[in-house]
Structures are given as C-alpha cells and as structure tokens.
Amino acid sequence: MGSALETKPRIGLALGSGSSRGWAHIGVIKALARHGIEPDVVTGCSIGALVGAAYVTDHLDKLERWVCSLDRLDVARFFEISTSFSGFVNKDKFHKFLNQHVCRDDTQIESLDKAFAVVATDLASGTEVWFSRGALIEAVWASISLPGLFPAIRHKNRWLVDGGLVNPVPISTCRSLGADVVIAVNLNGDIAGKHFKKMAPKVEKVERTETEIPADEGWIDTLTRTVREYSMSLFTNHKDGREEAPDLFDAIAGSINITQDRITRFRIASDPPDILITPRLMHISLLEFHRAKEAIEAGEAMIETMLPEIQDVVSSV
C-alpha cells in the first residue's frame, strides 16, 4: 500500500501599484520570510513590479538600503523635463538605478528561480499586457511608466504604460502562473481623495551662485531647474494653517488615487485573493519616495497583524 505524497501549496504573491507607497512591499516580503512563508510565484504591477523584480533577483536588501537612505533632495534629482515633454523622470538616472538595485539589462524573466510576471497597459487599446518572458528590465520599465512621470515604452509595435491603469493588483496573473494560494497586497485601500487638501508650503530658500545659474542658461535648462525646485516643495512638510487649491502634482496624485482605488475594488471583487493585505499608508503621498522606512514598517506591521489568518489559510490548502 502506498500513501499519497503530500505536496506544498504553491504560494503566490501579487504586489500592487501605489508609487512611493510601494516600499511597503519590502516590509511585507521581509515579514513573511521571518515566519517561513516564501512565495513560489510573484507578480507585480508598477512599483510592485519593481520591488518584485528586486526580490526575485536577490537584490531586495540592496534596494532597501538605498531607498532608506533617500532624502527629499535625492528624490528631486530624479525629476527633469525632456525636450519632448514626454515625462518628468530622468531616464538615464532611472536606468542606472535599476541596474544597480534591481536587475541587469541582460537578466531574462525565464531564467529566474521563481515564476514571475508583471503587468503593463497598452496605451492604444487599454488592454493589459503580461510580461512572463523576455528582458526583466524592459518589463519593469513598462509596468512602472506612470503617465506624466515616465514616457510610454515602445514594445512590439505597442506603446505601453503603467499596469495600474487596468490591473493594479495582479491576482489573475498570479493564478495563471499556477499559484494555489494568492496573497495580494493592495496599497490603495485607504488613499482615495486623501491628498487634495494641502497646506501652504514653507519652502526653504536655497542660495545659488552665478556658476549654478549661468546667464546663458537655455529655456529647457531653466524649466528643468524649475521642475526640480517645484518637486522639492512637493516633498516639504507643511505646517501653515492656510488651505490652498490643489496644485498640479496634487491633482494628478488625487486622480490616480481615485482611479486605482475604483479599479482595484472591481478587480478584487471579481477575482478575490485568498489573503488580502492592505497596509495603512494614507499618510504617504504619491511621490514621497524618501519615506521608505515608514512604508516598510507599515508593510511589516500589517503582516504581523494578519499572521494567524495567513498561516491558517496556507496550512489549510
């Protein structure tokens, strides 16, 4: 007589979109690992694609050290404006960051130790595009190309942008890769409409010399400098009691928050995960990448809170 062999369930981890709040994914992954829960399948969308890629290439610790070292000025240095007005993020600096902290240009998705896929959006048709093979860096870049910040990415005769526009938490992608249990991380559960009210900023003046602002500075250089200075004000704490109308980035952030929240609710209702993790992140706005430590701690805290439920679900499959 023989007995049926016990097989471990394939655990899937779906990492959702949410811009700077996505550093919470680092905390989620670390906390799960501490309790012996390691996913076999990882899918990501937008910032979830970036963190997921760092995890499956064994660069998560390196990424965490770097993001926790960021300050407002470091973040602002990533913002420039191109002559084509296609986006505000400096592509060369972002490419260097990906190479140093996420993956090399020659890393292929099919060569990874874990099943991995990311989601992007076809700008022309509005359909979702899954990357489960090919260059990892290209897949991550397409998935994270938030309109207004990054230019659209050309791939196989299609222009691709951020996957959060169609599938902010890629649960369906996780199941398609063979996950028996899906742990989904939703970063947008408590943020819709949270960033419209913004107090008048107190921006510290930075003294500049003649060499820092040359007399013959071109108009693109001047505009780039203005964007950087504006982005610095965006990352400044506001203590004045006056209330002002939402500015450009606030309006973009609020619109994206609302859109992703509504899409996430619909997708989760139609294809619910086995476990839904929703870190408390409403205090972190769209571009506050320098608040990584807070986001990571929020991710860890939510796993600790939900640990009994997670263990019960995983053990019952």
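How many salt bridges does the count come to in this structure? Here are a few friendly notes on that, keeping in mind that the model is predicted.

1. The count comes to 14 salt bridges, taking a side-chain nitrogen of Lys or Arg within 4 Å of a carboxyl oxygen of Asp or Glu. A few of them are worth a look on screen.

2. Start with lysine 30 and glutamate 64, whose closest N and O atoms are 2.8 Å apart.

3. Next, please look at arginine 104, which forms a salt bridge with aspartate 106. Their closest N and O atoms lie 2.9 Å apart. Arginine 104 counts as exposed, with 53% relative accessibility.

4. Aspartate 271 pairs with arginine 175 in a salt bridge, and here the closest N and O atoms are 3.3 Å apart. The aspartate belongs to the loop between α9 (248-270) and β10 (275-277), and arginine 175 to helix α7 (residues 171-176), so the pair links parts that are 96 residues apart in sequence. Aspartate 271 is partly exposed at 22% relative accessibility, and arginine 175 is partly exposed at 29%.

5. Finally, do have a look at Arg34, Glu300 and Glu304: salt bridges that share partners join these residues into one network.

Terms used:
Residues are numbered from 1 along each chain as its sequence is written. This is a predicted model: local features need pLDDT of at least 70, side-chain atom pairs count only at pLDDT 80 or more; totals for chains, interfaces and linings use all residues. Side-chain values use heavy atoms; hydrogens and water are left out. Buried means under 20% relative accessible area, exposed over 50%, partly exposed in between (1.4 Å probe, protein chains only). Helices (H or I, at least four residues) and strands (E, at least two) are DSSP runs, numbered from the N terminus.
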